[in-house]
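Here is a briefing on one protein chain. It covers domains, pockets, a cavity, selected residues and backbone geometry.

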Amino acid sequence: MEKKVRVRFAPSPTGGLHLGGVRTVLYNYLFARQNNGDFIVRIEDTDQSRFVAGAEEYILDTLAWCGLEPDESIKHGGGFGPYRQSERKETYKKYADALVQKGYAYYAFDTPEELDAMRSRLRTDENASPQYDHSVRMQMRNSLTLDKQETERLLSTIPYVVRIKMPEGETVSFTDMIRGEVIFDTAVVDDKVLLKADGMPTYHLAVVVDDYLMQITHAFRGEEWLPSAPVHILLWKYLFGLEAMPQWAHLPLILGPNGKLSKRDGAKYGFPVFAMNWKDPRTDEVTEGFKERGFLPEAFINMLAMLGWNDGTEQELFSLEELVQKFSIEKVHKGGAKFDFEKAKWFNHEWIKKLPASNYKEAVKSIFESRGLSIQDDTYFAKVLELVKDRCTLLPDFWEHSFFFFRQPREYNTDAIKIKWNIDKKTFFESFTKAMASINSWSAASLEALFQQLATQAEIKAGELQLPLRIMLVGGKFGPPVFHIAEVLGKEETIDRIEDALLAFESM
RNA sequence: GCCGCGUUCGUCUAAGGGUUAGGACACCACCCUUUCACGGUGGUGAUACGGGUUCGAAUCCCGUACGCGGUACCA
């Protein structure tokens with residue numbers, strides 16, 4: 001029987017979640033869903049010095065906003081916990097010791113100063129960054145070079161690390177789901193630290209042990225991990241056997257305008273790189289998120305999915321459900337993709353148009369409230385949003401395209417109509433309001449028909465009256481088609497606004 | 001430096017030996033519209049370079065260039 005598919009996203013809680021991180025989550029999630037598998041979030045907090053308060057909650061909140069809820073996590077529970085590596089500390093040591101027993105690893109006692117000394121001693125033009133590897137390990141202070149007694153003594157008196165003993169002349173290869181076969185020469189990879197002096201594992205040990213214990217079947221991660229893959233492969237071979245190893249897929253990186261996408265790019269070019277606002281608790285510095293910029297989760301997810309993947313057709317708009325159906329890891333690109341904010345905005349615009357306004361009504365409402373406008377009538381609000389959504393790219397755009405539905409104009413931009421304004425037009429509007437008052441069906445179409453008819457009677461071109469009407473209703477040259485504005489405004493409000501404007505126009 | 005991964009319009013990409021190298025974003029023009037958008041039509045624009053293999057190469061092989069990643073008791 002096939003093993004149940006289980007995948008994991010394993011962030012370290014060091015700050016906000018950026019585009020690349022969310023995309024990794026997304027691909028994991030899609031793969032899990034389409035294979036009826038489990039999606040696990042495991043917190044990799046093995047570096048205490050980099051731990052940032054609030055980052056865990058932030059990550060989980062972000063996934064919730066995106067609609068990518070894990071099946072198992074520190075928040076969702078599950079049968080394979082704990083889901084925080086700091087709480088699993090004891091298990092790693094066991095495996096590290098076992099590795100030493102079997103001769104695949106060794107204890108090392110070198111101090112940071114000794115390591116520095118070794119590196120600067122060996123540094124040359126040909127070897128820009130000397131590694132702790134087979135060529136130097138026999139000159140260092142470790143259980144390979146020290147006798148048993150001395151090793152025992154040091155083990156109980158000073159801090160030590162466990163290092164993997166990389167074989168010298170082997171090739172390690174594996175089949176990456178995206179890249180195909182990847183081959184490494186073990187001679188060029190160093191004796192990575194597996195267990196740190198504080199007793200915590202490094203990523204290398206922890207990822208292998210936990211993927212095994214949590215029965216992970218497929219491991220997707222960023223391309224930056226590819227160079228350390230041989231360490232992980234070897235660890236699997238030594239500890240659990242290659243048959244049990246998950247299938248790997250190394251995802252291409254998401255790039256900024258010049259090179260790797262960074263927080264700085266966001267600040268420099270004015271686009272978000274984090275999913276949601278992130279406030280660094282140490283500096284109080286806030287980094288803007290896509291959510292707060294006015295992105296819909298549907299658009300954000302869709303845009304991310306297309307950054308490095310497509311289904312081979314020309315379709316670009318996908319719902320999460322469609323992505324679950326159509327996604328395939330083999331079709332993910334090998335090359336990194338440069339992030340384009342313009343295209344991201346296009347996705348958002350498409351999704352604003354596509355979704356019923358009720359989907360994002362609440363988000364827009366809070367934007368309006370932050371501008372001092374509280375929404376009383378939800379039905380009216382939804383109607384307004386529906387009318388103007390075609391012209392909004394980001395959620396805050398709703399403000400400039402619809403605020404006038406909630407506030408009668410206080411000033412009128414009359415520049416465009418001033419010269420042509422006359423008594424005949426004034427009379428026309430007076431009769432128009434009178435006629436409107438007794439109209440039965442209040443709709444854009446019927447209003448336009450009435451407007452046309454009266455204009456013809458008054459022998460004025462309807463076109464010349466439309467702009468004045470617009471300015472009376474909203475105060476300026478903006479907004480949706482004018483009769484649609486009137487329709488949504490309603491009879492009473494429309495007549496009021498025209499009458500007030502007529503008064504104001506007296507002094508024009 | 002060494003190791004690894006990559007390279008099709010400015011950007012995201014399709015084309016897995018035979019296409020006028022297709023689409024989308026952006027840009028430009030026109031149309032629609034007596035506000036501004038949306039929308040519609042059309043246009044500019046790419047196989048990094050050099051060698052092979054082949055009747056035929058964006059596609060397969062080799063080399064070069066360029067880019068990215070890694071080279072920590074960070075993940």
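The C-alpha centres of domain 2 and domain 4 are 80 Å apart. Chain A splits into domain 1 (6-83 + 253-338), domain 2 (86-210), domain 3 (357-401) and domain 4 (414-507). The domain bounds come from an automatic or database domain assignment. This is a predicted model, in which local features need pLDDT of at least 70, side-chain atom pairs count only at pLDDT 80 or more, and totals for chains, interfaces and linings use all residues. Residues are numbered from 1 along each chain as its sequence is written, chains are lettered from A and ligands numbered from 1 in the order in which they are written, and side-chain values use heavy atoms, with hydrogens and water left out.

**Terms for the open and enclosed spaces**

- The search uses a 1 Å grid over the protein atoms alone. A cavity is a set of points where a 1.4 Å probe fits but cannot get out. A pocket is an open set with protein on both sides within 12 Å along at least five of seven lines. Lining residues have an atom within 4 Å of a point.
- Grid points are joined across faces, edges and corners, and a volume is the space filled by probe spheres set on the points.
- Nonpolar covers Ala, Val, Leu, Ile, Met, Phe, Trp, Tyr, Cys and Pro; charged covers Asp, Glu, Lys and Arg; the others, Gly among them, are polar.
- Helices (H or I, at least four residues) and strands (E, at least two) are DSSP runs, numbered from the N terminus.

**Largest pocket**

- Its volume is about 1,400 Å³.
- The lining has 43 residues; Ser 12, Thr 14, His 18, Arg 50 and Glu 224 lie nearest the centre.
- By class, the lining holds 18 nonpolar, 12 polar and 13 charged residues.
- Domain 1 and domain 2 each provide at least three lining residues.
- Strand 1 (6-9), helix 1 (19-34) and strand 8 (218-222) each supply at least two. Helix 1 gives the most, with 4 residues.

**Second largest pocket**

- This pocket holds about 290 Å³ of space.
- It is lined by 16 residues, with Trp 65, Lys 291, Phe 295, Ala 363 and Leu 395 the closest to its centre.
- Helix 9 (290-293), helix 10 (297-306) and helix 13 (361-370) each give two or more lining residues. Helix 13 has the largest share, 3 residues.
- The lining divides into 10 nonpolar, 3 polar and 3 charged residues.
- Domain 1 and domain 3 each contribute at least three residues to this lining.

**Cavity**

- The count is 1 cavity of 30 Å³ or more. The volume of the largest cavity is about 30 Å³.
- Its lining consists of Phe 432, Met 436, Leu 447, Leu 469, Leu 473, Phe 483, Ala 486 and Thr 494.
- Helix 16 (423-437), helix 18 (462-474) and helix 19 (482-489) each give two or more of the lining residues.
- That lining has 7 nonpolar residues, 1 polar and no charged.

**Buried loop residues**

- Buried means under 20% relative accessible area, exposed over 50%, and partly exposed in between (1.4 Å probe, protein chains only). Contact means heavy atoms within 4.5 Å.
- Lys 389 sits in the loop between helix 14 (378-388) and helix 15 (397-402). Lys 389 counts as buried because its relative accessibility is 7%. Its side chain reaches the backbone oxygen of Lys 353 at 3.1 Å. Beyond four places in sequence, Lys 389 contacts residues including Ile 352, Leu 355, Tyr 360 and Phe 398.
- Met 200 lies in the loop between strand 7 (193-195) and helix 6 (203-213). Met 200 is buried, at 4% relative accessible area.
- Pro 246 is in the loop between helix 7 (229-239) and strand 9 (247-251). Pro 246 is buried, at 3% relative accessibility.

**Backbone geometry**

- Gly 81 and Pro 82 are joined by a cis peptide bond, with omega about -5 degrees.
- Asn 36 is not a glycine, yet has a positive phi of about 50 degrees. Asn 36 is exposed, at 63% relative accessibility.
- Asp 284, also not a glycine, has a positive phi of about 65 degrees. Asp 284 is partly exposed, at 48% relative accessible area.

Terms used:
A polar contact is a pair of N or O atoms within 3.5 Å; within protein, one must be able to donate a hydrogen and the other to accept it, and residues adjacent in sequence count only if both atoms are side-chain atoms.
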